[in-house]
Amino acid sequence: MGTNKKRARRRRGRRVLSAFALLACIAGAACFVRLGAQELMERQAGDDFYAALAARVEAEAAVLADETPRAAQSGGQAEESLPADGGASAEDADLPAPEESAGPAAGVAQDGAPVSAIDFGAIWETCPDVVGWLRIEGTVIDYPIVQGEDNEFYLNHLADGTQNSAGSIMLDQANSGDFSDGISILHGHHMRSGSMFGDLDEYGSEDYYREHPVIRLYTPAGDCDVAVFAAYTVDGYAFGYPTSFADEASFDSFVRRAVSATGYETGVTVEYGDRMLLLSTCAYSFEGARFVVLGKIIEPD
């Protein structure tokens, strides 16, 4: 009789434990669902913020263009000077290499000073740390560039300072805010949705490069094109992310390694003294991997 009671108690105990385990699983699942929903909402909020900001910038740029005297316009939009498919090889007959485009999108004021196609004064009212704008036609990359006091804050804050896991496209704290360094480094998250720099690793494909050979960089001092010449995966711990070079030999060595690591040829010539733009995001082929895209900044005439 005593044995049966003990068995009954053990069965009840097992049932209670099973019930607690089930409740714990349900609570955990609910927590994950809630966190996932919050993450999705936050991500959507970040996408909406940048989409609205980009739309506002485009509208203001159209107004600014209308107000700029025709005689002050530069040689025209860079995309008009490129082949219709956006990416003909430099070796193709009668087609210019990316660095031979007609020039930047910026207008030129009557006194000869460069004028950006973007009204940065309006952006600074809500996003005071913006130092430029990055756009790659035909992609989701159409974002402001911020520079904070460190490389941490804007990892999880939007350009207006709102906390958000999408973060911002940020100019490295070690760089000059006017993009005058040998290499200006931009960091952005590799978002699973493809936003921010989520699609940057598409530059690993030659077809993608041919469709997007030129990056547009807008700055308060003037706008310019950036001709992509390299795209490859690096070890983020060892890469070093240089912003300048001690001499021509170190410059040549850096460029040579970048070009040789790229799986296709761009035909873009990079020489000592050229300024470069480097876009960097996380990659997942190994621990610490980063995917980088390098472009030559085309100096305005």
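This is a predicted model: local features need pLDDT of at least 70, side-chain atom pairs count only at pLDDT 80 or more; totals for chains, interfaces and linings use all residues.
1. Residues are numbered from 1 along each chain as its sequence is written, and side-chain values use heavy atoms, with hydrogens and water left out.

2. Where does His187 lie? Look for it in strand E6, residues 183–187. Helices (H or I, at least four residues) and strands (E, at least two) are DSSP runs, numbered from the N terminus. His187 has a relative accessible area of 16%, so it is buried; buried means under 20% relative accessible area, exposed over 50%, and partly exposed in between, with a 1.4 Å probe and protein chains only. Not counting residues up to four places away in sequence, His187 touches several others, including Phe197, Tyr241 and Ser280. Contact means heavy atoms within 4.5 Å.

3. His187 also belongs to a pocket. The second largest pocket holds about 290 Å³ of space, and 15 residues line it, with Leu155, His187, Ser280, Cys282 and Arg290 the closest to its centre. On a 1 Å grid over the protein atoms alone, a pocket is an open set of points where a 1.4 Å probe fits, with protein on both sides within 12 Å along at least five of seven lines; lining residues have an atom within 4 Å of a point. The volume is the space filled by probe spheres set on the points.

4. What is that lining made of? In the second largest pocket it divides into 6 nonpolar, 8 polar and 1 charged residues. Strand E9 (residues 276–282) gives the largest share of this lining, 3 residues.

5. Cys282 is found in E9. Is Cys282 buried or partly exposed? Its relative accessibility is 28%, so Cys282 counts as partly exposed. Leaving aside neighbours within four places in sequence, Cys282 is in contact with His190, Ala289, Arg290 and Phe291. The C-alpha atoms of Cys282 and Gly236 are separated by 8.6 Å, although these residues are 46 apart along the chain.

6. Now move to Asp274, in the loop between helix H5 (248–261) and E9. Asp274 counts as buried because its relative accessibility is 19%. Its side chain reaches the backbone nitrogen of Glu271 at 2.7 Å. Beyond neighbours within four places in sequence, Asp274 is in contact with Gly182, Phe251, Thr269 and Lys296.

7. Two backbone angles deserve a look. Phe179 is not a glycine, yet its phi is positive, about 60°; Phe179 sits in the loop between strand E5 (169–171) and E6. Met196, also a residue other than glycine, has a positive phi near 55°, and its place is in the loop between E6 and helix H4 (206–211). Phe179 is buried, with a relative accessible area of 1%, and Met196 counts as buried at 1% relative accessibility.

8. Finally, step back to the whole protein. Its secondary structure comes to 5 helices and 10 strands, and buried residues make up 44% of its 301 residues. Of the contacts with a separation of 6 or more, 66% join residues 24 or more positions apart.

Key
Ala, Val, Leu, Ile, Met, Phe, Trp, Tyr, Cys and Pro count as nonpolar, Asp, Glu, Lys and Arg as charged, and the others, Gly among them, as polar. A polar contact is a pair of N or O atoms within 3.5 Å; within protein, one must be able to donate a hydrogen and the other to accept it, and residues adjacent in sequence count only if both atoms are side-chain atoms.
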